[in-house]
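Here is a brief report for a reader meeting this protein chain for the first time. Please look over the sequence and the structure before reading on.

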Amino acid sequence: MVKDGGDGGWNPYLAGALAGVVVVLSVVVAGKYVGASTSFVRSAGMLEKLFSPEHVSRLEYFLRETPKVEWQWMFVLGIMLGSFISAVTSGSFRVHAVPDMWRGHFGGGVGLRAFTAFVGGAVLLFGARLAGG
């Protein structure tokens, strides 16, 4: 494994290049594009199906895209599990509500951090869905 020599993490250029190889291989081998936003929508649909199955069955989007566990959903789960395993085995895993960089720029307030993270995630997801991702 090529390290950057600093914090024990991977060299970001190597990690980016390997991620690019994974994206290309997913298209060449499986004919599928790598993405995550559809998995979020399908997860929301599966959760809603637990509480109101008749409502989900009437939504136009879910008439085309059935909310179910499929390859992309498992890919996102694998990203989360792989990230967790990597952080634990490298000794860099920490649980903290406010990252050090945020604390240095904006202070230690959890409320502002949570609000900003939520809004940023919503904007990102909206943009990804708008682009068809």
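## Helix α2 and its surroundings

Helix α2 covers residues 37-51, 15 residues in total. From its first C-alpha to its last it reaches 22 Å. That is close to the 21 Å expected at 1.5 Å a residue. The model is a predicted one.

Part of α2 is hidden from the surface. Ser37, Thr38, Ser39, Val41, Arg42 and Gly45 are buried in this helix. The buried residues of α2 pack against α3 (53-56), α4, α5 and α7 (110-130).

Gln72 belongs to helix α5. Its relative accessibility is 10%, and a residue under 20% is called buried, so Gln72 counts as buried. Leaving out residues up to four places away in sequence, Gln72 touches Thr38 and Ser39, and also Tyr33, Val34, Gly35 and Ala36.

## Salt bridges

Side chains of opposite charge can pair when their charged atoms come close. The model has two salt bridges. The table lists them.

| Salt bridge | Closest N and O atoms |
|---|---|
| Arg42 and Glu70 | 3.0 Å apart |
| Asp100 and Arg94 | 3.3 Å apart |

Arg42 and Glu70 form a salt bridge.

Asp100 pairs with Arg94.

## A nonpolar surface patch

Which residues make the nonpolar surface patch? They are Leu81, Phe84, Ile85, Val88, Phe93 and Val95. The patch has an area of about 600 Å². Ile85, one of these residues, is found in helix α5, which spans residues 71-90.

## Confidence in the model

The mean pLDDT of the protein chain is 85. A pLDDT of 70 or more is reached by 92% of its residues. Among the elements of the chain, helix α1 (residues 12-30) has the highest mean pLDDT, 91. Helix α4 (residues 60-64) has the lowest, 84. Over residues 1-5 the pLDDT is below 50. Beyond near neighbours in sequence, this stretch has 10 contacts in the model.

Technical notes:
Residues numbered from 1 in each chain as written. Predicted model: local features only at pLDDT ≥ 70, side-chain atom pairs only at ≥ 80, totals over all residues. Heavy atoms only, no water. Patch = residues over 30% accessible without salt bridge, like charges linked within 9 Å, V, L, I, M, F, W, Y side chains within 5 Å. Areas by Shrake-Rupley, 256 points an atom, 1.4 Å probe, with all protein chains shown as cover. Salt bridge = Lys/Arg side-chain N within 4 Å of Asp/Glu carboxyl O. Helix = DSSP H or I, 4+ residues; strand = E, 2+ residues; numbered from the N terminus. pLDDT = per-residue confidence, 0-100. Contact = heavy atoms within 4.5 Å. Expected span 1.5 Å × (residues − 1). Buried < 20%, exposed > 50% of the residue type's maximum accessible area, 1.4 Å probe, protein only.
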